[in-house]
Amino acid sequence: MIAMNYSFQFGEILANTDLLLRGLKLTILLFAIAFSGALLCGLFISLARASARRVPNLIATTYIEIFRNTPVLVQLIWFYYALPALSGWQPSAFTAAALGLFLNTSAYCAEIWRAGLQSLPAGQWEGGRAIGMSEWQLLRRVAVPQAFSRMLPAFTNRGVELAKMTSIASTITVQELMYEAKMLSTQTFLPLETFTVVAVIYFVLIYPGTLAAYALERRLNSKGA
Amino acid sequence: MQYVWDFRPVWLNFGVLLEGLVNTLKLSGFSIGLGLAIGLVLAIGRLAPSRFVSIPATAIIEFYRNTPPLVHFFWYFYGLPILTGISLTPFAAAAAALSVQSGAFFAEVFRGGIISVDRGQWEAGRAIGMGPAQLMRRIILPQAFRRMIPPLMERSFELVKTTSLAATLTYGELVYKAMVLATQTYRPMEIYSTVAVMFFTVLFIVSLGMRAVEHRLARLSAR
């Protein structure tokens, strides 16, 4: 029988917004730590990957392939439940989730950096070297400033993916938004309302990111870069 | 601290893990098929001239692209039955969530492919008296298809990884089987590492295959 005359009880969920807001804070914190770390770390991994030396190249390539070819859920579970058995170090659920998300996003960011830095004309590197810049100076003053605007849409899309991935931290008991939602749905017996409200919260949080990526892409295309 | 590896629990239960892997692939295959169908419908809906069709289609696409898949898994499994009175098995709920979610992504690939076909092709088809369905099937989709293959493969690859979330609904795919084994044998390190290797092996082979196909397509279009 189809119970289309179901009466929604959103009031009870909205009365518990403080619980959801507490979860939201942790979601944002997870995102901020993992994303800022990954943007920076991705650059170094991409440099290792572009390196002519065999060992750094092999390590970086292996790292990227491992994180891109396994589900993020397996990565988080591995850091939380498996690693302590090996290392004797038990990270908190939050640390394990932040670490897993950071390492995962770093692998994807490295590929964005690589494509961005490769897109620079060779003359830029040669010009910098000709006036005596060191590799590090060259990177900081010539390559990154020019390539960054081209990479911005891709980084924004990665941020959107990461924001969605933070919800998986709930499976290893990090008390972020999704975790609080599960708690709330069992307490109130209102899973339909709870998960609808939470989906809307995520949408409001994430959609501006997607819109920004669209706008950045359009601007880039109109510049003809 | 010296860790003593013991892979015996893994080998003794390897059949269970393989069964999980088969279920992972079953869920993937089913959801990719259904997701492609949903994606095509959504793409045509978004491109429809009538706003009553295009606005809802766009809303569904944007909503599902910008919310975490895990929320949809829970919504379909715990929420939807309350609305419809029909409770779904973990497999059905996971397949429904995955199909609609990746359908939204597939829709954007289809739409991109369809609008990339030159306008003259549409006009010529109409000029010889083809209806919209015929035009789409015989003229537009065959031309757009080649361009759509790489992004469709990419999305399907992401979908296979997302099937792991079905473990949270107790569907017996690879991660769920591993969780059960890990608590039974107290060997999380060996079991989860094995599972990671199993996923890696399957997905890495798939991604090599994808690269080969992309290469072929690039060569074909260069000709």
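A: Here is a tour that goes from confidence and overall layout to contacts and a few single residues.

A: This is a predicted model, where local features need pLDDT of at least 70, side-chain atom pairs count only at pLDDT 80 or more, and totals for chains, interfaces and linings use all residues. Residues are numbered from 1 along each chain as its sequence is written, while chains are lettered from A and ligands numbered from 1 in the order in which they are written.

Q: OK, what are the ipTM and pTM of the model?
A: ipTM is 0.92 and pTM is 0.92.

Q: And the mean pLDDT of chain A?
A: Chain A has a mean of 93, with 97% of its residues at 70 or more; pLDDT is the predictor's confidence in each residue, from 0 to 100. For chain B the mean is 94, and 99% of its residues reach 70 or more.

Q: Where in chain A is confidence lowest?
A: Helix H1 (residues 10–14) of chain A is lowest, at a mean of 88, and helix H5 (residues 93–118) of chain A is highest, at 97. Where pLDDT is low, the predicted coordinates should not be read in detail.

Q: Now the fold. How many helices and strands are in chain A?
A: Chain A has nine helices and zero strands. Those are DSSP runs numbered from the N terminus, with helices being H or I of at least four residues and strands being E of at least two. Chain B also comes to nine helices and zero strands.

Q: What does the C-alpha trace of chain A span along its principal axes?
A: About 75 × 50 × 30 Å for chain A, and about 75 × 50 × 30 Å for chain B.

Q: How much of chain A is buried?
A: Of its 225 residues, 40% count as buried. Buried takes 20 or more other C-beta atoms within 10 Å of a residue's own, exposed takes 12 or fewer, and partly exposed is in between, with C-beta atoms placed from the backbone. In chain B, 40% of the 223 residues are buried.

Q: How do H2(A) and H7(A) pack?
A: Helix H2 (residues 17–50) and helix H7 (residues 135–165) of chain A pack at about 145°, with their axes 10 Å apart. The axes are lines fitted to C-alpha atoms, for helices over the stretch in contact, and angles run from 0 to 180 degrees between N-to-C directions.

Q: Which residues meet there?
A: From H2(A) come Phe31(A), Ala34(A), Phe35(A) and Leu39(A), and they meet Phe155(A), Gly159(A), Leu162(A) and Ala163(A) of H7(A). A contact is two C-beta atoms, placed from the backbone, within 7 Å. Nonpolar covers Ala, Val, Leu, Ile, Met, Phe, Trp, Tyr, Cys and Pro, charged covers Asp, Glu, Lys and Arg, and the others, Gly among them, are polar.

Q: On to the interface. How many residues of chain B touch chain A?
A: 35 residues of chain B are in contact with 35 residues of chain A. H9(B) gives the most to chain B's side, with eleven residues. That side divides into 23 nonpolar, nine polar and three charged.

Q: Which residues touch the most other members of the largest nonpolar core?
A: Among its 116 residues, they are Leu76(A), Val198(A), Phe73(B), Ala94(B), Tyr192(B) and Val195(B). Such a core is a set of buried Ala, Val, Leu, Ile, Met, Phe, Trp, Tyr and Cys residues joined through C-beta atoms within 7 Å.

Q: And what is Val198(A) in contact with?
A: Apart from neighbours within four places in sequence, Val198(A) is in contact with Leu177(A), Met178(A), Ala181(A) and Val71(B).

Q: Is Lys164(A) buried or exposed?
A: Lys164(A) is buried, because 21 other C-beta atoms lie within 10 Å. Lys164(A) sits in helix H7 of chain A. Setting aside neighbours within four places in sequence, Lys164(A) contacts Ile206(A) and Pro68(B).

Q: Where does Tyr186(B) lie?
A: Tyr186(B) lies in the loop between H8 and H9 of chain B. Its phi is positive, near 55°, and Tyr186(B) counts as exposed because it has 11 C-beta neighbours inside 10 Å.
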